[in-house]
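Good morning, colleagues. Please look at the structure on the screen.

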Amino acid sequence: MTDTQAVRSMLVGIGAYLPANVVSNTRLEAMVDTTDAWIRERTGITQRAIAAPLETTASLGAEAGRRALADAGMAPEDVELIVCATATPDQTFPATAALIQARLGIPVCIAFDVQAVCTGFVYAMAVADSMMKAGQARTALVIGAETFSRILDWSDRTTCVLFGDGAGAAVLRAVPESEAGGRGVLAHALRADGRQAGILHVRGGPSSGGGTGKLAMQGQAVFKQAVTNISEAIEAACARAGIAVADVDWFVPHQANRRILDGVARRLAIPEDKVVVTVDRHGNTSAASVPLAFAAARADGRIKPGDLVLLEAMGGGLTWGATLVRV
Ligand code: UT7
């Protein structure tokens, strides 16, 4: 295979890791003025996993990456590109991707982070796919890893009940287009609107002072745009691939709120049983939620080789987007 040959990025492995510590809604009732009933009705969430004190985004991401490589039957030496989507890096620098590289014993390669908050994994897939098509790498490890528990204000009931920690990873392998058999990453639609940065943000960071900061969200303002934005991105990715939305086998959405998943399904006439839902068990794990949901539907036998899978997300930025893959 030469650098200039047309290639497809095939999804050849998937892995997931969730911290062992599972926190139920009932346990949150003891911490803030909330109820299990409110959380279930307004979001669909029943529990979330929370990282142990010594677990970090890099440790969660490395474990998901290790599992994805094992699933692909590949060794650390095979990886030529690591893209880690995270909004909760271990350190200001180096990139969490480089920390994961060291943890997994991956030799010198390309490694960097992508910051698109909850849309991070969708962005990272597009970046990795584009670099592989440009001949920069033949095997990529694409990771979504987060420890949002570390940036939550645990006294703010409007946000702290929504999020969880976790990591998911995918292995992409470049193959000549002529050998792909129609499989691989088919199309992306990526969007951002920085004018809306203020409705979902963490006010903090190295350049603005004041430490790391805590997450703040105007939930209703985000909610109002979610169904429209996500639906548009799904339609755009499908149109770019020349595929009808109705021909997609599985929708693997970012898991922010069950009502958003239902709203998108209604708007695009997607049957409920084609939508992978993990928000009940995982909560909102930001960039990790799409690969975690993908891994769950692969593990239970729903997503099978040859299926057409649509990944979508929306998050801080605002950012949103969709990726279409035939697995
Ligand atoms: O992943 C990134 C993208 N993020 C999203 O997509 C999140 C989008 N937004 C949402 O999912 C929803 O807006 C939320 C789940 C965050 C909130 O649901 P909502 O139906 O929009 O509720 P609300 O903010 O309008 O609040 C309704 C009421 C308020 O009380 P009053 O003012 O009506 O008396 C809140 O104070 O619910 C109250 N409330 C709570 N009550 C019990 C807010 N949080 C809680 C809580 N427990 N945890």
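Between domain 1 and domain 2 there are 18 residue pairs in polar contact, both residues being at pLDDT 80 or more. A polar contact is a pair of N or O atoms within 3.5 Å; within protein, one must be able to donate a hydrogen and the other to accept it, and residues adjacent in sequence count only if both atoms are side-chain atoms.

This is a predicted model, in which local features need pLDDT of at least 70 and side-chain atom pairs count only at pLDDT 80 or more, while totals for chains, interfaces and linings use all residues. Residues are numbered from 1 along each chain as its sequence is written, and side-chain values use heavy atoms, with hydrogens and water left out.

An automatic or database domain assignment supplies the bounds: domain 1 covers 7–179 and domain 2 covers 184–326. Their centres, taken over C-alpha atoms, lie 14 Å apart. To the contact (heavy atoms within 4.5 Å), domain 1 gives 50 residues and domain 2 gives 46 residues.

The two domains bury about 3700 Å² between them, 65% of it from carbon and sulfur atoms. Buried area here is the accessible area (1.4 Å probe) that two parts lose on being put together, summed over both. Of the area that domain 1 buries against domain 2, Cys118, Val122 and Ile151 supply 16%, more than any other three residues.

Finally, which residue forms a salt bridge with Arg298? The partner is Asp71, with the closest N and O atoms 2.9 Å apart. A salt bridge requires a side-chain nitrogen of Lys or Arg within 4 Å of a carboxyl oxygen of Asp or Glu, and the count between the two domains is one.
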